[in-house]
Amino acid sequence: MSEWTRQQRRLLRGGLAVLAVTPALVGIWGTVSPRGFYDTFPGAGHHWVSAVGAYDEHLVRDVGALYLGFLVLLAFAFVWLDRRLVQAALVSYAVAALPHLAYHTTTLDNFSTADAIAEIAALALNVVLPVGLLAVTRPRRVTA
């Protein structure tokens, strides 16, 4: 008997894939092109990183590398779907995302209203989604 129902597997894999988008984008971009990431993230004419503070190549590269580490963890959780690994990945991601969200809620002065809403919504998703997915990882109840 599988550890997960088909619905749990589908929800968990879908949620883990959505969570992996941010670490893939930030991790690769921040590591490969730290100045480009700083100047133009998230793209399309928006500037969410440069609006908050001074450029620091070391910091941007480190953040990119840390996101790549999360990407690897989420990929292993996606492939293996081991309960404890999935739970550890989700809790770790939420623990990192919550203070990130909290900080950015205090640094919106240089943002347009639309950019402020978009940034906070994206960062909030990185907290709410893993917490919601944790509920999906509960063991199935076996009825006799």
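A pocket here is an open set of grid points with protein on both sides within 12 Å along at least five of seven lines, and its lining residues have an atom within 4 Å of a point. Keep that in mind for the first view, and remember that this is a predicted model.

**View 1. The largest pocket and the residues around its centre.** Here's the space to look for: the largest pocket holds about 890 Å³. Its lining is made of 33 residues, and F37, V63, Y67, H100 and H104 are the ones nearest the centre. Sort the lining by type and you get 25 nonpolar residues, six polar ones and two charged ones.

**View 2. The helices that line the largest pocket.** Which helix gives the most to the lining? That's α3, with seven residues. At least two lining residues each come from α1 (6-32), α2 (34-40), α3 (57-80), α4 (83-104) and α5 (113-136).

**View 3. The largest nonpolar core.** In soluble globular proteins, nonpolar side chains tend to be buried together. This core has 26 residues, and the ones touching the most other members are L12, L16, L19, L74 and V86. Helices α1, α3, α4 and α5 each put in at least two of the core's residues. Now zoom in on L74: skipping its neighbours within four places in sequence, L74 is in contact with L16, L19, A20, P23, A89 and Y93.

**View 4. A salt bridge between E3 and R83.** Side chains of opposite charge can pair when their charged atoms come close. The model has three salt bridges in total. In the one shown here, the side chains of E3 and R83 meet at 3.1 Å, N to O. This pair ties together distant parts of the chain, since E3 sits in the segment before α1 and R83 in helix α4, 80 residues apart. Are the two partners buried or exposed? E3 is partly exposed, at 35% relative accessible area, while R83 counts as buried because its 13% relative accessibility is under 20%.

View 5. D39 pairs with R35, and their closest N and O atoms are 3.2 Å apart.

View 6. R61 is partly exposed at 35% relative accessibility, and E57 is partly exposed at 38%.

Key. Residues are numbered from 1 along each chain as its sequence is written. This is a predicted model: local features need pLDDT of at least 70, side-chain atom pairs count only at pLDDT 80 or more; totals for chains, interfaces and linings use all residues. Side-chain values use heavy atoms; hydrogens and water are left out. On a 1 Å grid over the protein atoms alone, a cavity is a set of points where a 1.4 Å probe fits but cannot get out, and a pocket is an open set with protein on both sides within 12 Å along at least five of seven lines; lining residues have an atom within 4 Å of a point. Grid points are joined across faces, edges and corners, and a volume is the space filled by probe spheres set on the points. Helices (H or I, at least four residues) and strands (E, at least two) are DSSP runs, numbered from the N terminus. Ala, Val, Leu, Ile, Met, Phe, Trp, Tyr, Cys and Pro count as nonpolar, Asp, Glu, Lys and Arg as charged, and the others, Gly among them, as polar. A nonpolar core is a set of buried Ala, Val, Leu, Ile, Met, Phe, Trp, Tyr and Cys residues joined through side-chain atoms within 4.5 Å. Buried means under 20% relative accessible area, exposed over 50%, partly exposed in between (1.4 Å probe, protein chains only). Contact means heavy atoms within 4.5 Å. A salt bridge is a side-chain nitrogen of Lys or Arg within 4 Å of a carboxyl oxygen of Asp or Glu.
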